[in-house]
Amino acid sequence: MTDRTLTLSNEEFQLLRQFVLRSIGVNLTEAKRSLVVSRLSKQVRKLGFSSFSEYLKLVKEDKQEKENMFNMITTNVTKFFREQHHFEYITKDFLPQFAASQDKVVRIWTSACSSGEEPYSIAMSLEKALKSYRNLNYKLLASDINTEMLQKAKLGIYRREEVEGVPYDELKSFFKMGQGDNEGLLKVKESLQKKIVFQRINLVSDQQYPIKEKVHIIFCRNVFIYFSKDTQMQILKRFHEHLHQGGILILGHSESIPLSQGGWRLIQKTIYEKTD
């Protein structure tokens, strides 16, 4: 069977769309129809099905296949030190203020960490900056809905072109060069990896987020663009509950919060402070 003979009907697309929306909050608009077909067709054929309806039936019954589909549906575009001003804010603005507080452990949650570039960038920034704050430490939770991306993040192995955004000094300090069969690959050093806890978290789950202590900073960059407005508001409310008073929420370059509803204050571009 070829892609040409495997078509996604309007009814199938709407069923799949509603299922994905209810399960993980991703809003598959009509513009995403071709993306859905291209990403799922191979799997539908591989499993021997002749239609997307048959595949969706399996997905609803099989936990592993549901996870596989979410892995294929979700988009994971990231790179090291993406939107540099966010890391500069943490080290040059947030840390000096935090150092004057009673807390000595900065708790950060990257809520859509993808393949790990974001949490490792945060960790490298903090390792360098905290040399000036010997009495401070940090804890970093990195989560994502995509289990394949989480696995890559945990491994911390990247191709040379994937680490192009990492400054030379950080490359020397925090990466090991691959040799032999691993020539051309770089691996994050264990000393940095062990500072990060990786965990699967579904931001739209009905369950409580598995986070026991409030955090000081939440990264949720380039995620809201895939959610409906209602879903965004629900997640914002939960983020608000999980942040300390005065805590920080960092969004992606094209995302924003409607400040008219209260609870947040814009302090820099795409950087918000919890106000009450």
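This is a predicted model: local features need pLDDT of at least 70, side-chain atom pairs count only at pLDDT 80 or more; totals for chains, interfaces and linings use all residues.
## The largest pocket

Let us begin with the open spaces. Rolling a probe the size of a water molecule over the atoms shows where empty space is left. In this model, the largest pocket holds about 530 Å³ of space. Its lining is made up of 29 residues, and those closest to the centre are T75, A112, N222, V223 and Y226.

What kinds of residues form this lining? There are 15 nonpolar residues in the lining of the largest pocket, together with nine polar and five charged ones.

## The second largest pocket

Next comes the second largest pocket, with a volume of about 350 Å³. Here 13 residues form the lining, and R107, K139, L141, V197 and I211 are the ones nearest the centre. By type, the lining of this second pocket has seven nonpolar residues, one polar residue and five charged residues.

Strand β2 gives the largest share, with three residues.

## Helix α2, with a kink

Helix α2 covers residues 33-46, which makes 14 residues. From the first C-alpha to the last, α2 reaches 20 Å, close to the 20 Å expected at 1.5 Å a residue. Where does α2 bend? A kink of about 40 degrees is centred on L40. Just after the helix, G48 takes a positive phi of about 85 degrees.

L40 also belongs to the buried residues of α2, which are R33, V36, L40, S41, Q43 and V44. An α-helix has 3.6 residues a turn, so residues three or four places apart point the same way. What do the buried residues of α2 pack against? Their partners are three other helices: α1 (10-24), α3 (52-61) and α4 (63-73).

Finally, take a look at Y158, which sits in strand β3 (residues 157-159). Is Y158 buried or exposed? Y158 counts as buried because its relative accessible area is 0%, and the cut-off for buried is under 20%.

How far is Y158 from R134? Along the chain, Y158 and R134 are 24 residues apart, and their C-alpha atoms are separated by 30 Å.

Notes
Residues are numbered from 1 along each chain as its sequence is written. Side-chain values use heavy atoms; hydrogens and water are left out. On a 1 Å grid over the protein atoms alone, a cavity is a set of points where a 1.4 Å probe fits but cannot get out, and a pocket is an open set with protein on both sides within 12 Å along at least five of seven lines; lining residues have an atom within 4 Å of a point. Grid points are joined across faces, edges and corners, and a volume is the space filled by probe spheres set on the points. Ala, Val, Leu, Ile, Met, Phe, Trp, Tyr, Cys and Pro count as nonpolar, Asp, Glu, Lys and Arg as charged, and the others, Gly among them, as polar. Helices (H or I, at least four residues) and strands (E, at least two) are DSSP runs, numbered from the N terminus. The expected span of a helix is 1.5 Å times one less than its number of residues. The bend at a residue is the angle between axes fitted to the seven residues ending there and the seven starting there. Buried means under 20% relative accessible area, exposed over 50%, partly exposed in between (1.4 Å probe, protein chains only). Contact means heavy atoms within 4.5 Å.
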